Amino acid sequence: MNPPEPAIKYLHHLPGDTLFGLSVLCTLLTVIGYIGVLRNPANRAMKMLGRFGYVGSALFFIGAFGYLCSLMYNHNYTFKYVFEHTGNDITFWWFRLAATWSGQEGSFALWGLWTALIGFLVMAKAGKYEARVMPFYVSVVGFLAAILLKESPFQIIPPPTAAMLQANPSIVYPFPEGMGLNPSLQNYWMTIHPPTIFFGFASLTVPFVYAIAALIWKDYERWVARVMPYALLSTASLGLGLFMGGYWAYETLGWHGFWAWDPVENASFFPWLAVLALVHGLVVQKSRGGMARTNVFLGLLSFNLFLGGTFLTRSGVLAQEDANGMSLSVHAFANMESTALKILIVMLAFYIFGSIGLFLARLRSIPVRKTTGETALSRDLALFIAILMMLVACAVIVFGTTTPLFLHWAHKPPWQPDAAFYNKVMLPLAILTSLALGIVPWLAWKKTNSQVFLKKLLIPWFLMLIFGFFMVFWVQQAQASLELVFDSTDPSQTSTLSSWLNSRSVQRLTVVALSALGFFAALSNAMLGYRVVRAKPLSAGGWIAHVGMGLLILGIIVTNTYERTVRLNVFEGGEPTDAFGYKIGFEKMTGELFKERPMNPDYDMNNTVRLRVTPPNASANADGTKTFTVEPRWFVHNRHRAAESEYKRMVWPHIHKFPLHDLYVSLANEPRYIYQGESPNSEGTTFDLKEKKQLGPYIVGYFENFGEPGKFMGAHFVLVGADKKVIEAKPLIEMGQGAERMSMTPRNISIPELTDKNGIPGVIQLVRLDPATKAATVHINLPEYQGRWLIPLEVTYKPWINIVWLGVIIAVLGTLLAMVRRAVEVRKMPDGETSERPKLEVWEAPTDSPKPELVLGHTFAPENTTKPTKQRENPLVE
Amino acid sequence: MKTAYIIAALVISIALGFTMWAFSSAMTPYVTITQARKIGTAVQVRGKIIRDATHVPQYDINEKALRFWIEDANKDRIEVIYKGAKPEAFDSAPETAARGVIRDAKLYSDSLVVKCPSKYESNESPYDKKATRKA
């Protein structure tokens, strides 16, 4: 250990860590308080202890988060976390804040922050359940605070010791500059995606603690109504978070798609499927009774899956590299501090094994009501199948994501299934799902009159066939366009590697069928949704969400199957190159750095390649107004900070949106400058010693070489222009000892005397100096002797992608509407404990609504069921 | 209830079947270059990216693809033609695993996985980072 210098510096971590510590302490007080309430409900002091304990625990956590934000915002590089996750170039206030959750500690803190905040709502709304749910709820906050206490984001960088200062007197402490924020995170979507998705994760705690309370107190009915709004909130926020992540990946990462089946994506997808299944199970239990066991299980499952996913992605088990040392995911995984990892494992074991054990112990005590699927044609059965499919999809994804883990345990070489695996399995599930989505609006609970059902189904089914007919032609034409850009040397187009279905005709059939079914699903639900909106707007949420899901399925299948990509080269000054009828021509390189170092720019994120695109139908309007520009980027991140081996080359695509498709323009490689008189791959122009060459209007002569072994080598050139002015240039290569290999940096490149009218100086850059012959190889760029830019592009045509986004937005809005409705229901319910009362008058079918039988289109069997208490629901909306 | 169970069994068995099939077909074997030359179908080859004076990884404007050579553990070499977005860490990656098919003695690849020499978050001391040196 280095001897501490000014001891006071070591105390900087104290305020933050103290806050986390106090949060843990208050967690214990909360648990003690509520246990007291459970033993004696009349004990007001204990209740106050519990409540104030929670308020303390949450506020201390929120305070710690706020403190971390302020350190991040103020670029306080004394703190290691701040130093590693931001930099002085992050000036936009929102990015300065968003850097807080760009690292592992920060994302745990974000999870804890939302958990703490949602806890206030839970505490206020839990009614008599408060003492049952809060002790479990607060424990999550406590665990997170404990993890962050160990893996503290408030760790400071120790001041340099005297020895270090002696070795390197230039050290400034605290550091004036940080490591910088990963540029892919410097994006609008990335700043709101983590807060949204972590809100969703945090909200999963609520169904979990209610399910635990239901199990402990053997109360399997009354938690349902209370937990519904939270489950819907989780579904909506996780769905929205997944969508934002997908959009970010599409827009920024250059992954060419919105979903890559990456472990990190999967880890947030399977909890969503579980909570979606829970929502459907709760609907069944609330309207029909039954599914009590399933729902308790699903309530536990969604949170446990999230914990499991967190463990997978955060603990570093997936960070292990495969047999070949290749990282398995594009997401950066970091290994956790070992004590913190242990706390995480304890947390996981506590919740996962605790809840599974409790569930198994109570399994027999949960009443089973045989209500599900009495006949084949019933909404009960449809929901049962829906839940089943969600769980099957969930299981497949969990299986795929954990494959590397099992292989590791089996001592097999690590490997994980690629996107093709998931696509193949999801395809039949998507077909079944859209079929079910399409018919469920026309199904009644319990039993459906099949004649009325078929009659109601007729219109959407018929319209679906018309749409399918249209799709047959559309697909035909799309397939033809696909053939046009077919590249027989591109394995992704020829081999079975990433194609879904090997046979073109099977593929065509599948696309037509699935898109038509997606349309059918959206249409059926829109038809019923429209009627419900008019009768009872609040109750339409579910149907609206289903419309969104139908559109989503339709959009995904079409855009994923018929997106088409071409790779092309655009030359400066050349003819515009054609991509799907769009003529793409070079306009200019933007950004100051291109001016300073025109041929070898220090690409930064503000430099773009501006290309002018003429759309296919622009010829009718010859004034040129129909053209537009696209500005894809290619830049080097961390250039000023990191060693060359740590450079990160980033590609930022440009997306130009049209109503029915996107034009996705991305640089296939870095822009290349081709010097005059050189071929694209040539190394440069070679001069023998004393050689003279006529280059355009100039005579260029290589006069002599100079240098110092191991330090630099240079070549002395003389240039004579048309005006007979003699200019000398001494380009050289500086040699340095890098970490891994020798670095060769060209220096003295520009010739300011020969600056062209655009302000770009002349260039003579030494590439190589043959040690034996002294021949010098150089790149030369002078006014009137200029090269041109070569821009390698990859252009993708994405049909119908807007339908995907539209579907997601509609689905999220529908889910939120459903949440509002369920929340209103809970509020109108007399205090939770007495909700066993038979009727809720509010939800009786109101007089102003039309006859439910006619509206719904199925005979609604008079409810002489075993459960008269459930008659309270408005049949219209159930 | 019976209907429900029958349907459940059906759905689960179909899904299981599909999962098994998709899983087995998703496996692309890792092979040596010699083996890869014999197999006609998609393979995954791992090797060192050769970066010497005559084998500079380059974007080939005619192929519109990244061209480079890899060398496997048996010192076999093969040229890779990669059509796709250049991976972020390619320029600093010592090794890669390329997936693709072999045609005309070249590996036409659509997927490159590179080994990142340094993780974004590293455990090294801040004093070792360039930022502080520069400052």
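Biologist: How many bridges join strand β3 of chain B to β4(B)?

Modeller: This is a predicted model, where local features need pLDDT of at least 70, side-chain atom pairs count only at pLDDT 80 or more, and totals for chains, interfaces and linings use all residues. Residues are numbered from 1 along each chain as its sequence is written, with chains lettered from A and ligands numbered from 1 in the order in which they are written. Strands here are DSSP runs of E, at least two residues, and helices are runs of H or I, at least four residues, numbered from the N terminus; two strands pair if DSSP finds at least two bridges between them. β3(B) covers residues 58–60 and runs antiparallel to β4(B), and the bridges joining them number three.

Biologist: Which residue in that hairpin takes a positive phi near 50°?

Modeller: Gln58(B) stands opposite Arg67(B) in β4(B). The hairpin of β3(B) and β4(B) has four residues between the strands, and the one with the positive phi is Lys64(B).

Biologist: What is the bridge partner of Lys48(B) in β4(B)?

Modeller: Strand β2(B), residues 43–49, pairs with β4(B), residues 65–71, in the antiparallel sense over two bridges. In β4(B), the partner of Lys48(B) is Glu71(B).

Biologist: And which residue stands opposite Trp69(B) in β5(B)?

Modeller: β4(B) and β5(B) run antiparallel, joined by six bridges. They form a hairpin with five residues between them, and Lys75(B) in the turn has a positive phi of about 65°. Opposite Trp69(B) you'll find Glu79(B).

Biologist: Where is confidence lowest in chain B?

Modeller: pLDDT is the predictor's confidence in each residue, from 0 to 100. Chain B averages 77, and 81% of the residues score at least 70. Confidence is highest in β5(B), residues 77–82, at 91, while the lowest, at a mean of 39, belongs to helix α3(B), residues 130–134.

Biologist: How many contacts beyond four places in sequence does the model have for residues 117–124 of chain B?

Modeller: Where pLDDT is low, the predicted coordinates should not be read in detail. A contact means two C-beta atoms, placed from the backbone, within 7 Å. pLDDT stays under 50 over residues 117–124 of chain B, and their contact count is 14.

Biologist: What share of chain A counts as buried?

Modeller: Chain A has 22 helices and 21 strands. Buried means 20 or more other C-beta atoms, placed from the backbone, within 10 Å of a residue's own. Of the 878 residues of chain A, the buried share is 48%.

Note on methods. A residue is buried if 20 or more other C-beta atoms lie within 10 Å of its own, exposed if 12 or fewer, and partly exposed in between; C-beta atoms are placed from the backbone.
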